[in-house]
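Please take the sequence and the coordinates together, and follow one stretch of the chain at a time before turning to the fold as a whole.

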Amino acid sequence: VASKCAEAFAEDHWSRVTLAGGLAFDVTGPCERCAAIDVDPDTATKRDGGVVLRTLAKARLKARVERAKVTFGVFLAARKNEDGGGATVEDGGGATVEDGGGAT
């Protein structure tokens, strides 16, 4: 979960995320949401009349008018380290995010 981003939906512009331990991820595309976001996992019933997806849709469609599907976040694919070794990741270690304009 990303926090302290400069703007809402900043992930829409990311191309790569590198964690402080050196583990890097490429952004592979937006994560599309479906009605399952409104299903209570304990009862398997739709809750609140779909309010979560509707609220998300209103916010996201204002931000991305050209996109027909509601998105929330991005998919990441881990990159192989250039040296072939592993990486150590620790909680709270921070991350560097790159977009088309460079690191942010």
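Arg47 sits in the loop that runs between strand S2 (24-32) and helix H1 (51-63), in what is a predicted model. Its relative accessibility is 31%, and it therefore counts as partly exposed, since that class lies between the limits of 20% and 50%. Leaving aside residues up to four places away in sequence, Arg47 touches Ile37, Asp38, Val39, Asp40 and Pro41.

With a relative accessibility of 64%, Ala44 counts as exposed, because the exposed class begins over 50%. The backbone of Ala44 deserves a look as well, for its phi is near 60°, a positive value in a residue other than glycine. Most residues other than glycine have a negative phi.

A contrasting position is found in the segment before S1, where Glu11 is located. Glu11 has a relative accessibility of 15% and so counts as buried, the cut-off for that class being under 20%. When residues up to four places away in sequence are not counted, Glu11 touches Gly73 and Val74.

These positions can now be placed in the chain as a whole. The protein chain contains 1 helix and 5 strands, and, read along the sequence, these elements follow the pattern β-β-α-β-β-β. Of the 104 residues in the protein chain, buried residues make up 18%. The protein chain exposes about 7,400 Å², of which carbon and sulfur atoms supply 53%. As for how the chain meets itself, among the contacts between residues at least 6 apart in sequence, 60% join residues at least 24 apart.

How much confidence does the predictor attach to the protein chain, as given by its mean pLDDT? The mean is 77, and 80% of the residues reach 70 or more. Among the elements, strand S1 (residues 14-19) has the highest mean pLDDT, at 90, whereas strand S5 (residues 102-103) has the lowest, at 42. Where pLDDT is low, the predicted coordinates should not be read in detail.

Notes: Residues are numbered from 1 along each chain as its sequence is written. This is a predicted model: local features need pLDDT of at least 70, side-chain atom pairs count only at pLDDT 80 or more; totals for chains, interfaces and linings use all residues. Side-chain values use heavy atoms; hydrogens and water are left out. Helices (H or I, at least four residues) and strands (E, at least two) are DSSP runs, numbered from the N terminus. Buried means under 20% relative accessible area, exposed over 50%, partly exposed in between (1.4 Å probe, protein chains only). Contact means heavy atoms within 4.5 Å. Accessible areas come from the Shrake-Rupley method with a 1.4 Å probe; for residues, only the protein chains shown count as cover. pLDDT is the predictor's confidence in each residue, from 0 to 100.
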